[in-house]
Amino acid sequence: MDTRQFLRTSAVAFTTALGLLVSGCSGSNPASEASEPSGSVPPGAAAPSPVSTAALKPYYNQKLDWRNCGAPGFQCATLKAPLDYAKPDGPSVKLAVARVKATGPGKRIGSLQVNPGGPGGSAVGYLQAYAGVGYPAPVRARYDMVAIDPRGVARSEPVKCLDGKEMDAYTQSDQTPDDTAEVDKLSTAFKGFAAGCKERSSTVLPHVSTVEAARDMDIFRSALGDEKLSYVGASYGTFLGATYAELFPERVGRLVLDGAMDPSLPARQMNRDQTEGFETAFKSFAADCTKRSDCPLGTKSTADAAARMKAFFAKLDAKPVSTGESRELTESLATTGVIAAMYDEGAWPQLRDGLTGAMNGDGAGLLALSDSYYERESDGSYSNLMSAYSAVSCLDLPPAFTTPDEVTASAADFEKASPVFGRNFAWASLSCAYWPTPATGAPHRIDAKGAAPILVVGTTRDPATPYKWAQALSRQLDSGTLLTYHGDGHTAYGRGSDCIDTAINKYLLTGTPPADGTRCR
């Protein structure tokens with residue numbers, strides 16, 4: 001598990017994280033829709049070869065055959081896109097899309113696409129479970145809420161790597177190896193995961209980059225009949241949205257990028273920044289916990305709580321605890337369970353209970369948190385979240401580390417960033433070293449010159465997308481505006497701040513962003 005997986009909106013925070021989707025009618029002007037973007041892609045961007053506009057016309061011209069699906073009011077369809085944009089006359093991929101129409105009153109503005117993060121989160125699932133029914137009523141009144149599962153994700157030609165039993169073994173891999181034998185065992189686990197992806201998904205694996213997903217979004221925009229794209233992306237969805245703005249700046253409508261990524265960072269720096277981010281979040285949790293008489297990490301100080309947490313992980317490394325089922329709670333599963341709760345302070349009570357149980361020999365609570373993070377079902381099956389995450393991430397950026405020796409040399413730096421999580425995060429960063437498909441992208445700045453105002457949202461104690469990333473992206477974007485939430489948790493929209501929600505709603509409904517630098521609590 002590469003630490004960049006922490007970019008996704010966790011299952012723990014799913015119903016409170018922001019997300020919006022798009023929908024609309026078919027029919028557009030294919031000649032103009034299929035033209036190449038006016039903005040150039042800077043060196044290092046994961047851009048496919050120049051695309052033939054004539055060959056793309058059938059894709060931009062397609063009519064969507066909507067059918068009822070899921071809850072009342074929701075409709076689904078299948079969108080086609082080229083498997084390889086460099087060969088648009090070649091094979092195509094089938095992409096799942098969904099919508100729920102604007103409820104009214106008021107004049108319909110258009111479609112609002114949403115993506116909940118990942119890479120690997122199902123936007124269609126997010127639409128049906130939350131955005132299509134839970135977004136602010138004034139927004140749902142004026143927009144068709146729509147979603148597209150990115151290529152390789154969920155219902156869209158999903159990347160497949162391991163079966164349920166293999167995933168169980170993989171998620172229990174020891175990511176704090178103590179000797180050469182344990183290092184070799186972890187490397188073997190990473191290699192096995194990569195080999196499984198190559199064996200089961202060789203056709204789609206080289207074609208699931210963020211650039212290709214952004215191009216798919218533009219075909220979807222055209223099929224919906226929208227001249228411009230309006231979009232809300234959370235976490236990794238901000239990188240997807242920024243990439244769209246880079247490719248098609250003249251087609252940018254109203255873009256909200258919440259829990260922003262910094263596209264200029266190499267993978268190693270990104271992972272180290274996240275290590276700091278999760279340490280910051282843990283300190284917030286510990287500060288709250290130690291004020292409570294029943295805190296499983298004691299009541300002395302945050303430093304003492306961190307030491308106890310680290311000692312508990314070490315104890316599990318030596319001897320896992322029972323969970324009441326065939327799987328024991330290992331150090332790796334416990335760490336994932338703790339990390340999952342860092343996404344949303346609403347999960348802190350569950351984490352306290354889980355830690356209390358595990359420290360008394362019952363690991364069921366922490367295992368449940370870990371399973372929710374990995375999207376493991378009670379029958380032992382997994383969604384394709386982790387498979388899609390690795391496939392996209394390892395294609396978008398060169399690996400953080402290429403050998404175990406590089407990890408060993410950097411481990412102390414990661415531990416400095418986080419005494420609690422540092423070693424785990426450092427070794428997790430090795431996973432892309434063994435990926436069967438070479439990276440096609442590289443870190444680069446995105447300015448999207450010519451785009452309409454883009455709203456970038458950052459949370460000051462966000463663990464997965466540190467606040468400084470939102471600051472950086474808002475400065476890179478030529479039309480970027482920064483909105484800050486001073487608080488805990490991953491992303492800000494729809495998490496209880498009237499100030500944040502009012503500012504974003506106004507932007508989506510009127511196109512007017514808040515003043516740059518606006519801060520909310």
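Modeller: Glu157 is partly exposed, with a relative accessible area of 32% (buried is under 20%, exposed over 50%, partly exposed in between, using a 1.4 Å probe and protein chains only). This is a predicted model, where local features need pLDDT of at least 70, side-chain atom pairs count only at pLDDT 80 or more, and totals for chains, interfaces and linings use all residues. Residues are numbered from 1 along each chain as its sequence is written, and side-chain values use heavy atoms, leaving out hydrogens and water.

Biologist: What is the phi of Glu157 near?

Modeller: Near 45 degrees, a positive value in a residue other than glycine. Most residues other than glycine have a negative phi.

Biologist: And where is Glu157?

Modeller: Glu157 is in the loop between strand 5 (143-148) and helix 5 (164-171). Helices (H or I, at least four residues) and strands (E, at least two) are DSSP runs, numbered from the N terminus.

Biologist: How about Ala448, is that buried or exposed?

Modeller: Ala448 is buried, at 4% relative accessibility. Ala448 also has a positive phi, about 50 degrees, though it is not a glycine.

Biologist: Last one: what does pLDDT average over the protein chain?

Modeller: The average is 91, where pLDDT is the predictor's confidence in each residue, from 0 to 100. Over residues 1-49, pLDDT stays under 50.

Notes: Contact = heavy atoms within 4.5 Å.
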